[in-house]
Amino acid sequence: MLNYFGIASICYYFIWHFNLLESLGASAHLLKAFRNLGGWYGTSGLFLVPAVLHLWSIGIGPFVKRRKVENQLKAVLLRNAEGYGPTVVRMYQENSYRDVVTVRAPGIGAEKLQSSKSAIEAALGRQIETVRAHSNPRFVDLVLVRRDLPGKILFTEIPCSIRQDAFSIGESKEGFKAARISDLPHLLIAGTTGGGKSVFFKQALLALLEGSPNLQMYLIDLKGGIEMKPFTALPNVKMAKSADEAEAILSAVKSEMEKRFAYLEKKGAESIEPGRDPYDRIVVGIDEASVLYTASRDEEDYEQVMEAKRLTEHIAKLSRAAAIHLILATQKVTKETVDTRIQENVSGRMCFKLNTIEGSVRMLGHGKAADLPAIPGRGIWQYGNEELIVQVPFLDKSVLTARLEGIKSQYANGERKKRHPMLLEDQKAAPFWLDAQQQVALEADAE
Ligand SMILES: Nc1ncnc2c1ncn2[C@@H]1O[C@H](COP(=O)(O)OP(=O)(O)O)[C@@H](O)[C@H]1O
Ligand SMILES: [Mg+2]
């Protein structure tokens, strides 16, 4: 406070305040009134203005707000046996999506606050996102919604650059989220029709194709393959549209996996690294994967479908070390469609709205996907212990085609080079970059 008084006195002595007012264009009337003020009145007037502003900024404003919230909470929460009600300890903005009110509520606890959630929401006139435990067990954090996630984010407006072998998950209240395929190593996408599975699937594939120099992609769509067709323009993408073709591709992937294991054993290495080892990363993408699991016996290609299913499970179980990844999208989540063997080996899950709590429990271990709002592209991302509600990027068909065209021209002008023939293509054609010794070793492996 003395500082303010000191500064005010100096200003007064040098009549800076007067000059300042004049330069700000104060009216002659005001200037006169100011000059007429006696010495001490002028000084204390000058002193009071910044002092009051300062007090407000350091605490009075927030203090008044805290008291207001505290009284609103007291109106809906019971006092404990000693008559203490809740005290608001701190209020702050956590990020652009959330405000936090830290409450000290002796004898009340998080459960009680949770069960009074709707009453508190009504009293505060704010929506509560969660009631969160605080690092100090005496306190509880009420997390209030400041604004909701956007209803749409465009692929072309992703706020950060996606690194090699990674793809976007989407915008969450913790910020923008991306994932590396090598960390997953498999990805399961679920949700009812219209939830945004195929769009998410495609934007992930596109990001992987754009960002990974050594990648082969095999796509399986037993429902006709129209949506995935643009991808087949690339020389490192191959697509299967029938059960026959799917079976052929999957068994080729399985043999490739075994070949890679033999290589790893010989080399004494733990896992394939596409930049270091002479193998490309392989991504097998299956849209409408439930078709694989719900074929009926009287269908003509039943046997092939079942074989494709067995191969998928086998690959899911073992391929972690071989730089081979599965991305499966499925509409139905039942015991039959998402096999437990697949479930156990997939740690990355993207779940859009599901109609049933059972489906949500099967996919995520709880019923929250059934409560998601019906916004296309709004889903729950789960990876290990991490769980986030996200809005995934929307990829327009024209953007997809244009970006694929860009990659294709890089292959055409030699900026990108295919290091391997694709599986089921002429495997004898030796990758150009291998020296003779490596070629012999690879061929010996193959035999
Ligand atoms: N991330 C998204 N953001 C906004 N709209 C989306 C998004 N994903 C999908 N949509 C809309 O929903 C429609 C259905 O999406 P789609 O991916 O085909 O659903 P699904 O494969 O789950 O049936 C799309 O045509 C699009 O209009
Ligand atoms: Mg779809």
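Q: At about what angle does α10 run to β12?
A: Helices (DSSP runs of H or I, at least four residues) and strands (DSSP runs of E, at least two) are numbered from the N terminus. Angles, from 0 to 180 degrees, are taken between N-to-C directions of lines fitted to C-alpha atoms, for helices over the stretch in contact. Helix α10 lies across β11 and β12, and its angle to β12 is about 130 degrees.

Q: What kind of model is this?
A: Residues are numbered from 1 along each chain as its sequence is written, chains are lettered from A and ligands numbered from 1 in the order in which they are written, and side-chain values use heavy atoms, without hydrogens and water. Local features need pLDDT of at least 70, side-chain atom pairs count only at pLDDT 80 or more, and totals for chains, interfaces and linings use all residues, since this is a predicted model.

Q: Which strands stand at the edges of the sheet?
A: The open sheet has 10 strands in the order β7-β6-β15-β14-β13-β8-β12-β11-β9-β10, with mixed pairing (two strands pair if DSSP finds at least two bridges between them). Neighbouring strands are turned against each other by 25 degrees on average, direction ignored. Two strands have a single partner each, so one side of each is left without a neighbour in the sheet: β7 and β10.

Q: Which residue of β15 is the bridge partner of E171?
A: Strand β6 covers residues 166–172 and pairs with β15 over 2 bridges, in the antiparallel sense. The partner of E171 in β15 is Q391.

Q: Which strands does α8 touch?
A: Helix α8 packs on the sheet, and its direction makes about 135 degrees with that of β10. Contact means heavy atoms within 4.5 Å. The strands that α8 touches are β9, β10, β11 and β12.

Q: Which residues touch the most other members of the largest nonpolar core?
A: A nonpolar core is a set of buried Ala, Val, Leu, Ile, Met, Phe, Trp, Tyr and Cys residues joined through side-chain atoms within 4.5 Å. The largest one has 43 residues, and the elements that give two or more residues to this core include β9, α8, β11 and α12. Leaving aside neighbours within four places in sequence, V284 is in contact with Y218, I220, L250, V253, H325, L326 and I327. The members that touch the most others are I220, V284 and M363.

Q: How many of the 15 residues of α7 are buried?
A: Buried means under 20% relative accessible area, exposed over 50%, and partly exposed in between (1.4 Å probe, protein chains only). In α7, the buried residues include F200, F201, L205 and L206. The helix is largely enclosed by the rest of the structure, because the buried residues number 12.

Q: How many residues apart in sequence are the parts tied together by K177 and E386?
A: K177 and E386 form a salt bridge with the closest N and O atoms 2.9 Å apart (a salt bridge is a side-chain nitrogen of Lys or Arg within 4 Å of a carboxyl oxygen of Asp or Glu). E386 is partly exposed, at 27% relative accessibility. K177 lies in β7 and E386 in β15, so the separation of the parts tied together is 209 residues.

Q: How many salt bridges does the count come to?
A: E273 and R276 form one at 3.7 Å, N to O, and K418 and E425 form one at 3.5 Å. A network of salt bridges links E94, R98, E129, R132, D141, K173 and E174. The count of salt bridges comes to 23.
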